[in-house]
Amino acid sequence: MKNFKIRPYKPEDEKEVIALWRRCNLIVPWNSSKLDIERKLQVNPEMFLVGLLDSKVVVTVMGGYDGHRGWVNYLAVSPNCQQTGLGRKIMSVIEDKLKAVGCPKINLQIRSNNTSAVDFYERVGYSVEDLVDMGKRLVDDTELVPKV
Ligand SMILES: CC(C)(COP(=O)(O)OP(=O)(O)OC[C@H]1O[C@@H](n2cnc3c(N)ncnc32)[C@H](O)[C@@H]1OP(=O)(O)O)[C@@H](O)C(=O)NCCC(=O)NCCS
């Protein structure tokens with residue numbers, strides 16, 4: 001795609017990024033998008049990528065490396081640009097970045113009702129693993145900022 005480019009997130013992208021996540025149903029009441037972005041800018045900000053088509057944010061991915069595993073969150077492709085290869089493209093860019101810092105494996109979490117994301121990830125080389133996903137919330141974001 002001629003006018004498509006991928007670069008690290010910049011603060012001026014915030015509105016467009018959050019609007020894209022909303023269009024892609026990635027915003028959930030228990031997370032604050034603004035806080036998620038703020039925190040990401042403290043850790044591996046260079047792995048928070050946006051893809052721009054004609055200067056509009058149409059793709060995002062938030063990658064990170066914890067010294068053991070690479071993680072991918074907030075993969076989103078604007079609905080009007082889906083199925084054109086942009087998801088595969090930004091995944092290959094974040095995979096290269098993670099590999100370049102020595103990351104041996106990427107893990108990611110998908111909401112159990114998001115079967116189309118599972119299908120996508122399988123097409124780009126990921127497998128469902130025999131693991132139980134667990135979590136423990138340390139900070140209640142809903143008490144910190146109004147929902148966006
Ligand atoms: C999942 C998502 C990122 C895929 O992005 P995309 O740009 O449409 O995917 P691509 O066009 O790069 O497709 C790559 C491959 O996956 C396949 N694929 C993409 N979406 C698919 C779907 N919904 N079902 C089955 N296969 C799919 C494509 O056919 C393609 O296969 P091929 O290259 O082997 O022919 C996009 O649909 C999206 O943003 N969804 C909403 C947000 C979301 O669920 N994010 C993931 C959170 S865990």
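Residues 24 or more positions apart account for 67% of the contacts in the protein with a separation of 6 or more. The model is predicted. Four helices and five strands make up its secondary structure. Along the sequence they follow the pattern β-α-α-β-β-β-α-β-α.

The overall dimensions were computed next. The C-alpha trace spans about 45 × 35 × 30 Å along its principal axes. The radius of gyration is 15 Å; this agrees with the value near 15 Å for a compact globule of 148 residues. Of the 148 residues, 37% count as buried. The protein exposes about 9,600 Å², and carbon and sulfur atoms supply 51% of this area.

In soluble globular proteins, nonpolar side chains tend to be buried together. Here, the largest nonpolar core has 22 residues. Within this core, the residues with the most contacts are V61, M91, I94 and Y121. At least two core residues come from each of β2, β3, β4, α3 (86-100) and α4 (115-123). Helix α3 supplies the largest share, with five residues. Beyond its neighbours up to four places away in sequence, I94 touches M47, L49, V61, G63 and V72. A second core is separate and has 15 residues. Among them are L20, W21, M62 and A76.

Helix α1 was examined for the placement of its buried residues. These are V17, I18, L20 and W21. They cover an arc of only 155° around the axis, so they lie on the same side of α1. Their cover includes α2 (33-40), β2 (48-53), β3 (56-65) and β4 (70-77). Two of these buried residues, L20 and W21, are also included in the second core.

Helix α2 has its own set of buried residues. S33, L35, D36, I37 and K40 are buried there. The elements covering them include α1, β2, β3 and β4.

D13 counts as buried because its relative accessibility is 3%, and the cut-off for burial is under 20%. A polar atom of the D13 side chain lies 2.7 Å from the backbone nitrogen of K10. Contacts from farther along the sequence were also found. Not counting residues up to four places away, D13 touches R7, P8, V50 and V57.

Residue E16 lies in helix α1. E16 counts as partly exposed, because its relative accessibility is 28%. Its side chain reaches the backbone nitrogen of V57 at 2.9 Å. Leaving aside neighbours within four places in sequence, E16 is in contact with S55, K56 and V57. N44 is 28 residues from E16 along the chain. The C-alpha atoms of E16 and N44 are separated by 21 Å.

N25 follows α1 and lies in the loop between α1 and α2. Its phi is near 60°, a positive value in a residue other than glycine. N25 counts as exposed because its relative accessibility is 58%, and the cut-off for exposure is over 50%. D54 lies in the loop between β2 and β3. Its phi is near 50°, again positive in a residue other than glycine. At 51% relative accessibility, D54 counts as exposed.

Key:
Residues numbered from 1 in each chain as written. Predicted model: local features only at pLDDT ≥ 70, side-chain atom pairs only at ≥ 80, totals over all residues. Heavy atoms only, no water. Buried < 20%, exposed > 50% of the residue type's maximum accessible area, 1.4 Å probe, protein only. Polar contact = N/O pair within 3.5 Å; in protein donor to acceptor, adjacent residues only side chain to side chain. Contact = heavy atoms within 4.5 Å. Arc of directions from axis to C-beta. Rg over C-alpha atoms; globule rule 2.2 N^0.38 Å. Areas by Shrake-Rupley, 256 points an atom, 1.4 Å probe, with all protein chains shown as cover. Core = buried A, V, L, I, M, F, W, Y, C linked by side-chain atoms within 4.5 Å.
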